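Student: I am new to this one. Could we look at it together and talk through the words used to describe it?

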Amino acid sequence: MDRLMEVFSIIAVFSGIHERVLEAIRALEARLPDRKVLLDRLTVGGWNWAPAVILALVTRANLLALLSDGTQGFFACYLHSWFKDVPADPLKEVTGCLLMGLTTTLGSRFWHDLVKVLVDLRTGLKSLPEAARRLAAPDVSRAFSVAAEMLARHETPATMAVSDALRAAADATVPLRPAHEVVTTQLISKSHG
């Protein structure tokens, strides 16, 4: 759960940076009144994803590196030049940047709220006794699964990547069965087999 919170926190920060870029673009409206329609499309219209993708490509903010290698993999390439530090797999790198750009269009508030929910959930689970945590684990797993399904409905590559991360977290929260239950299950299956 901690790694998932790290990932969502970085996306929230990058989304905040994207929002500041959009504000800077909107500020150009006073200087370029004849470009108002274009500026509206880039900031609140159908093209609002374009500045996010461009920002992710320029800064090499790679969502795939963040999801697969964690913060260490993300910051290994973030803000590094494309020309000095040529990636081993440029297509994967560009795809990761595109996904980061598309993911940030959900907004920093969305990602911040998601991190807050995870922090509250983790805090609540830590305060429970061990027996209660084992009982609560399926509910936590179910909550992650529901969130994954909700994101998957958007059917964008970015939300699908986050949805997959939530599904992985849901799988990871299911507690392991105690050893005596595993042995009992194996003995029963052998006696019937």
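Tutor: Gladly! This is a predicted model, where local features need pLDDT of at least 70 and side-chain atom pairs count only at pLDDT 80 or more, while totals for chains, interfaces and linings use all residues. Residues are numbered from 1 along each chain as its sequence is written, and side-chain values use heavy atoms, leaving out hydrogens and water.

Student: What does Gly 101 touch, not counting residues up to four places away in sequence?

Tutor: Gly 101 has contacts (heavy atoms within 4.5 Å) with Ala 52, Val 53 and Ala 56. Its C-alpha atom is also separated by 7.1 Å from that of Leu 55, 46 residues apart along the chain.

Student: Why is Gly 101 called buried?

Tutor: Buried means under 20% relative accessible area, exposed over 50% and partly exposed in between, with a 1.4 Å probe and protein chains only. Gly 101 has 0% relative accessibility, so Gly 101 counts as buried. Across the chain, 35% of the 193 residues count as buried.

Student: What makes helix 1 roughly antiparallel to helix 6?

Tutor: The axes of helix 1 (residues 2-27) and helix 6 (residues 108-127) cross at roughly 155 degrees and come within 8 Å. Axes are lines fitted to C-alpha atoms, for helices over the stretch in contact, with angles from 0 to 180 degrees between N-to-C directions. Angles under 35 degrees count as roughly parallel, over 145 as roughly antiparallel, 65 to 115 as roughly perpendicular and the rest as oblique. Therefore helix 1 is roughly antiparallel to helix 6.

Student: How many helices and strands does the chain have?

Tutor: There are nine helices and zero strands, taken from DSSP runs numbered from the N terminus: helices are H or I of at least four residues, strands E of at least two.
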